[in-house]
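This report is meant for someone meeting the structure for the first time. Please look through the sequence and the model before reading on.

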Amino acid sequence: MTENKTGGIWVVAEQIAGRINSVSYELLSKARHLQTQLKTPEPVVAVVLGKEAADLDQLSRFGAEEIITVFDGALELYQNDAYVNVLEELIAQRKPSIVLIGATAIGQDLAPMLGARLKTGVAAHCVDVRINEDNQMVAVVPAFGGKVLGDILCPNTSPQMATLKPGVLGKPVPVEHPSAVITAYDASCALQKDRGRVKALEIVRQEQSGVPLEEAEVIVTGGWGIGSQENWALVEELARLLGGAVGCTRPVVDEQWVQSEQQMIGTSGKSVRPKVYLAFAVSGATHHLCGMKDSGLVISVNKDAEAPIFEASDVRIVGDAKTVLTALINRIKG
Amino acid sequence: MSLNIAVCIKPVPDPDCYDKITIDPVRKTITRAGIPTIINPVDKNAVEAALQLREKHGGKVTVITMAPPNAEESLRELLAMGADEAVLLTDRAFAGADTLATSYALSAGLQKVGPFDLIFTGTETADGATSQVPAQLAEWLDVAHLWNVQEFELEGNTLNVKMGIENGYISYSVQMPALLAVKRSINKPRYTSVMGVMKAKKKPLMVFTAADLDVEQERLGLQGSPTKAGAVFTPSLARKGQQLTGETEEIVEQLVQVLRSAGLHLETIADDKAGGK
């Protein structure tokens with residue numbers, strides 16, 4: 001580590017209840033990749049705000065060369081005013097060139113506020129970032145539900161910021177020789193600026209039942225064409241039989257056939273890449289396709305032979321979803 | 001208590017038609033010809049939240065947008081839904097704005113007709129879906145904000161707010177003035193009555209250009225946008241699809257083969273299931 005600590009590719013690592021969110025590792029892995037593309041490599045730095053965090057060694061394992069810890073009781077729960085005050089101060093001192101933030105709920109609140117504070121550009125919910133021949137970061141951003149992708153640059157202001165959706169970058173790769181300097185930062189000065197207009201009270205987390213979508217090797221997704229809560233049970237049963245997770249589209253959330261919108265796949269839901277993706281009665285709206293297009297084998301069943309989902313499928317079955325679901329379940333059960 | 005409430009809205013191309021969007025191969029621009037414009041869906045939830053608060057506490061609801069002149073139609077629709085006043089910010093100088101420049105122009109518009117106790121937005125628009133304008137608008141206005149709001153209630157001058165996060169929420173108390181970006185699940189927007197449409201014709205709709213606002217010109221539009229757009233392209237989704245045909249039993253048999261060759265151990269699953277009983 002050199003004396004000159006300015007510059008750098010920063011990843012704001014999100015923690016909840018002391019556990020680092022895995023999107024942080026995906027971002028660090030990408031940051032190491034960007035590092036190789038820069039004309040003069042800059043250090044990859046993870047910044048963790050919270051009361052404490054247990055997984056700091058994981059941050060170095062996936063590429064952090066320095067970890068700035070900002071630990072204070074006032075930062076235990078995400079509170080946008082306090083977090084932005086701290087990051088504004090840190091960024092003013094250390095002047096990173098690039099700041100990457102996970103496009104989680106917290107990240108999507110934090111990043112634009114920080115960007116506005118610093119009067120710099122933030123590319124939102126990108127699917128990739130790279131460095132171009134002019135040594136600038138190019139962020140690939142989906143628009144119109146993913147129908148169109150556009151390159152976004154931030155050439156005149158600093159830092160260049162981007163949020164990236166969890167899951168879009170694929171599995172993070174551990175580095176060969178992990179080694180990180182840990183710098184504890186005293187944020188008491190920045191925290192004194194807080195005007196008390198937003199107070200975080202408590203966090204409530206629901207227990208997740210079944211396999212999480214992000215980790216599932218098999219996903220069984222149903223769309224609006226499933227038709228009823230009763231039929232929806234077939235989607236869940238097949239997922240259970242295959243040891244997979246249940247996914248859904250926006251209309252299914254609206255119909256409340258699923259407990260939680262955490263099961264929604266698409267631009268405003270999850271981005272997934274299972275080995276096998278089975279879509280039943282999913283029409284294939286652009287914003288849904290954007291969330292599942294990186295899956296391994298895509299199998300879809302739809303009674304409409306013209307359904308857009310078939311364009312994105314390896315195996316097509318034109319037929320009634322309920323009939324095929326029932327027959328497949330019976331076949332597997334023997 | 002009488003509340004002065006603003007709701008920021010945006011007319012967007014109908015998300016149900018995004019598969020019709022193409023890129024002009026010569027000019028490399030996005031073509032959205034023939035796609036109808038609608039009010040961004042979640043913005044109606046934001047208006048509904050404002051109307052419910054007004055009904056409970058009294059006050060006034062102003063809807064505001066930065067958009068081309070034809071956005072008057074969308075604003076009239078929201079006046080018919082129940083909003084009291086509407087503001088359209090429209091000027092060529094606003095064109096090409098990214099989220100920072102958009103939120104700057106909106107903040108100037110809100111300051112012109114405000115101050116407001118409470119500002120509502122939706123979490124995101126269907127077209128760009130950056131979800132960045134709410135937080136940035138709050139920053140320009142220097143008011144508290146929370147994004148992804150799934151529930152809130154007003155007690156005195158304090159808002160008790162639940163911000164949705166993955167698999168849960170964080171609850172906050174927030175001092176007004178404040179901006180809340182609400183989720184679709186927060187309420188069900190009301191239908192517009194015929195009476196509402198009649199009344200809307202007489203409600204005030206103000207149109208302001210950049211010259212009417214207290215703004216620094218260089219912060220507007222393309223010039224005021226720190227992000228610059230590069231190339232646009234359409235991702236290729238096309239896969240070499242194989243169609244399974246036959247009677248249901250034949251299709252399922254082929255499907256089982258496909259799943260097996262993808263590495264799924266279907267028999268084991270069936271056996272485990274039988275063994276477990």
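## A sheet in chain B

Strand S1 (residues 3-8) of chain B pairs with strand S6 (residues 59-66) of chain B in the parallel sense, over six bridges, where strands are DSSP runs of E of at least two residues and helices are DSSP runs of H or I of at least four residues, numbered from the N terminus, and where two strands count as paired if DSSP finds at least two bridges between them. Within this pair, Leu3(B) has Gly59(B) of S6(B) as its bridge partner. The model is predicted, so that local features need pLDDT of at least 70 and side-chain atom pairs count only at pLDDT 80 or more, while totals for chains, interfaces and linings use all residues. Residues are numbered from 1 along each chain as its sequence is written, and chains are lettered from A and ligands numbered from 1 in the order in which they are written.

S1(B) and S6(B) belong to an open sheet of ten strands with mixed pairing, in the order S13(A)-S11(B)-S10(B)-S9(B)-S12(B)-S8(B)-S1(B)-S6(B)-S7(B)-S13(B). Its edge strands, each of which pairs on one side only, are S13 of chain A and strand S13 (205-208) of chain B. From one strand to the next the twist averages 30 degrees. Helix H1 (residues 41-57) of chain B lies across S1, S6, strand S8 (118-122), strand S9 (144-155) and strand S12 (178-182) of chain B, and runs at about 170 degrees to S1(B); such angles run from 0 to 180 degrees between N-to-C directions, with axes being lines fitted to C-alpha atoms, for helices over the stretch in contact.

## Where the two chains meet

The contact between the chains takes 81 residues from chain A and 70 residues from chain B, two residues being in contact if their C-beta atoms, placed from the backbone, lie within 7 Å. On the side of chain B that touches chain A there are 37 nonpolar, 23 polar and ten charged residues; here Ala, Val, Leu, Ile, Met, Phe, Trp, Tyr, Cys and Pro count as nonpolar, Asp, Glu, Lys and Arg as charged, and the others, Gly among them, as polar.

Strand pairing also crosses between the chains: strand S10 (residues 148-153) of chain A and strand S14 (residues 228-233) of chain B run antiparallel and are joined by four bridges. Gly150(A) stands opposite Val232(B), and Leu153(A) has Lys228(B) as its bridge partner. S10(A) also pairs with strand S9 (residues 137-143) of chain A, in the antiparallel sense and over six bridges, with Ala139(A) opposite Ile152(A). The hairpin of S9(A) and S10(A) has four residues between the strands, and in it Phe144(A) takes a positive phi near 50 degrees.

## An enclosed strand in chain A

Five of the five residues of strand S11 (residues 160-164) of chain A are buried, so this strand is largely enclosed by the rest of the structure; a residue is buried if 20 or more other C-beta atoms lie within 10 Å of its own, exposed if 12 or fewer, and partly exposed in between, with C-beta atoms placed from the backbone. In a regular strand the side chains alternate between the two faces of the sheet. In S11(A), Gln160(A), Ala162(A) and Leu164(A) are buried on one side, and Met161(A) and Thr163(A) on the other.

S11(A) pairs in the parallel sense with strand S6 (residues 98-102) of chain A over five bridges, and Ile98(A) stands opposite Gln160(A) there. Strand S7 (residues 122-126) of chain A likewise pairs with S11(A) in the parallel sense, over three bridges, with Ala123(A) opposite Ala162(A).

## A helix and the domains

The end C-alpha atoms of helix H3 (residues 80-94) of chain A are 21 Å apart, which agrees with the 21 Å that its 15 residues should span at 1.5 Å a residue, the expected span being 1.5 Å times one less than the number of residues. The buried residues of H3(A), including Tyr83(A), Leu87(A) and Ile91(A), pack against several elements of chain A, among them strand S1 (9-13), strand S4 (44-50) and helix H4 (105-118). Just after H3(A), Lys95(A) takes a positive phi of about 50 degrees.

Chain A is divided into domain 1 (9-192) and domain 2 (213-333), with bounds that come from an automatic or database domain assignment. Their centres, taken over C-alpha atoms, are separated by 32 Å, and ten residues of domain 1 are in contact with eleven residues of domain 2.
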